[in-house]
Structures are given as structure tokens and as C-alpha cells.
Amino acid sequence: MRIIKFIITQHDNHKQIREFLREFGVSASLLTKLKNTENGITLNGKFARSIDRINSGDILVISIENKGHMPAALKDSNVHKIYEDEDILVLNKPPMMPVHESRNHQGDTLANAAACYMDSDTAFRAVYRLDRDTSGLVLIAKNELAACKLAGKIQKDYYAVCSGLLTKKATIDLPIDRVGDSIIKRCVCENGEKAVTHWQAISNKDNTTLLKISLETGRTHQIRVHFSHIGHPLLGDSLYGGECKKINRQALHCKTIYFSHPISEKQMTVDCDFPDDFKGLI
């Protein structure tokens, strides 16, 4: 149970509780759950209805049940916790690890690693996912409110190593779609979905370039597809034509994330180191 307390200010005088909570980011479905939870909403220590009004100095408390199923814990993993509090968990996902369990991956995923830090009756809510071979930070919401407020609002700095020499910085604005009937491979396609990638060259070495990348959109394989299309595939990316002698997976790492904390609304920056195989390239 996540209990969150609000001290009402003059700014929110005479608002209905439901109006205040919806403005804070409580979804309609979560508001319904709060109303159906015993003491899910209290005002000054007493049961309150969502239509009741609040005044300056009031203490409003919501109690969020976090029922769900967490998969079995993966205790002997090389997944490092970078940050944790009551509402969020940030893990540094190693390469070759899927985020979610699937038919072919049971017990060896980031969800299993997260189970070491979370209650067994808590749902696993990754705010976004990384490809299996991509390493780096994954933000996990510990309750429904955090998940709702963070969805689609995380800014990420990716680092990649591509073939060929690039300098300065630029933007790739090219639509992406599936390749034929493939459920995996993507390509630049005139009728695809809008995809925008911003990149900056950091350094060059042995006819390769270290890039810092940020995304406006989050299409499947977006970074890999865009750089392959312009003739600079990521090293190790066999699916999109990358050279695989120096690294055995796409050289792509989510190093830094920026976001507003879902409860305190403080601006946060979380950073991690490069994994060893990536360090070997740079």
C-alpha cells in the first residue's frame, strides 16, 4: 500500500477532491479504485468522498493498493540498482537481457531481477522497454500513480557506436514501418510512422563514431534503422548491417534519463556507466 499525503494550499481552496487528484495526475481508473478501497481517500483523518471539497490547511490522504504479480526473483544477476525510493526503481540492464518474461525467456529477465527489490505481490511496471541487446537504464514504477504520471515523459540520452566517420550534429526525420510481414525488422518507409532522431558526434576512432542520441519519437528499432539507412549502421547490429567483429550486440546504451518525479515532482537526472563491452569500443 502506498500512502500519499497532500497538504492543501490556498491555490486549491474549495476544489472537489476528484478535481484536485485529477489535476495531480490520478487517472480516472485509479480514482475509481481509490473510491472502492476502504479509506482509499481520507480528509483530515476521516473518510471522504471524491465530490467533497477541500480547503487550505486540510490534509488529504490517498492509499493506493498495488496488487499484482511479480515473477520469481533472479538473485544471482549482474543487474545493478542505480536509484530507488517509495515510488520508483531504476535498474541498469545489462546487454542480452530481455525486460519482460516471454515464452522463450522465463526467470532470466529484468522483471526477475526487479523482483529482488520489490514485494512479490507487486506488479512489475517498466515505464519503457529496451531491446534485449541494448543496455542501460530502465525506470520501473512501483505503483499505478507513478506509472501513469511517468508514461511517455522520460527523456533519455543514448550512446551508440556506428561505422564510418560522422562529425558535428544533425537530425534524422524519416518515417519507419515494418519490413513486409516481419514482426521484428523495420525500415525507413514513406508511408511509415513519423520518427525523429537527434544525434551529436562525440569522437572518432578507427573509422567509427561515438554518438550521443536523443529521440523525439519512440519507434521500434528507431536508432538502429535510422543510422543503417544513412549508411552508418551500429557496430554489432547484424540485423541492420552492422559489423560484428568488435562487439557481439548492437553498440547502444541508454546512459542518462531525465524526468519529473511522479510524487514530489522534483526534476531528476539518473546516470549510469557504460558496460565493459561498450567501454572496449570507446
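Which residues make the nonpolar surface patch of about 290 Å²? In this predicted model, the patch is made by I183, I184 and L239, and the sections below place I183 and a number of other residues within the chain.

## Overall architecture

The chain has 282 residues, of which 50% count as buried, and its secondary structure comprises six helices and 16 strands. As for charge, the mean positions of the 38 positive and 34 negative charges are 2 Å apart.

## The nonpolar patch and its loop

Of the three residues that make the nonpolar patch, I183 belongs to the loop that runs between strand 11 (176-178) and strand 12 (186-188). I183 counts as exposed because its relative accessibility is 69%, where the cut-off for exposed is over 50%.

## Helix 5 and the glycine that follows

Helix 5 spans residues 222-229 and is mostly covered, with six of its eight residues buried. The buried residues are Q222, I223, R224, V225, H226 and F227. Q222, which is located in helix 5, has a relative accessibility of 2% and therefore counts as buried. Leaving out residues up to four places away in sequence, the residues touched by Q222 are I176, A195, V196, T197, L215 and T217.

After helix 5 comes G231, with a positive phi near 90°, in the loop between helix 5 and strand 15 (252-260). The relative accessible area of G231 is 48%, so this glycine is partly exposed. Between the C-alpha atoms of G231 and G241, which lie 10 residues apart along the chain, the separation is 9.2 Å.

## Positive phi outside glycine

D206 is a residue other than glycine with a positive phi, near 50°, and its place is the loop between strand 13 (196-205) and strand 14 (208-215). With a relative accessibility of 57%, D206 counts as exposed.

E265 likewise is not a glycine, yet has a positive phi of about 65°. This glutamate sits in the loop between strand 15 and strand 16 (267-271), and a relative accessible area of 43% makes E265 partly exposed.

S63 lies in strand 4, which covers residues 59-64, and counts as buried at 10% relative accessibility. When neighbours within four places in sequence are left aside, S63 is in contact with M1, R2 and I3, and also with L34, T37, N39 and G40.

## Salt bridges

How many salt bridges does the structure hold? There are 18 salt bridges in the structure, including one in which the side chains of E23 and K15 meet at 2.6 Å, N to O. K15 counts as buried, its relative accessibility being 12%. In another salt bridge, D52 pairs with R49, and the closest N and O atoms are 2.8 Å apart; R49 is partly exposed, with a relative accessible area of 48%.

A further salt bridge is formed by K142 and E84, with 2.7 Å between the closest N and O atoms. Because K142 lies in the loop between strand 8 (135-141) and helix 4 (144-150), whereas E84 lies in strand 5 (residues 80-84), the pair ties together parts that are 58 residues apart in sequence. K142 counts as buried at 16% relative accessibility, while E84 counts as partly exposed at 28%.

Methods
Residues numbered from 1 in each chain as written. Predicted model: local features only at pLDDT ≥ 70, side-chain atom pairs only at ≥ 80, totals over all residues. Heavy atoms only, no water. Helix = DSSP H or I, 4+ residues; strand = E, 2+ residues; numbered from the N terminus. Buried < 20%, exposed > 50% of the residue type's maximum accessible area, 1.4 Å probe, protein only. Contact = heavy atoms within 4.5 Å. Lys, Arg positive; Asp, Glu negative; His and termini not counted. Charge placed at Lys NZ, Arg CZ, Asp CG, Glu CD. Patch = residues over 30% accessible without salt bridge, like charges linked within 9 Å, V, L, I, M, F, W, Y side chains within 5 Å. Areas by Shrake-Rupley, 256 points an atom, 1.4 Å probe, with all protein chains shown as cover. Salt bridge = Lys/Arg side-chain N within 4 Å of Asp/Glu carboxyl O.
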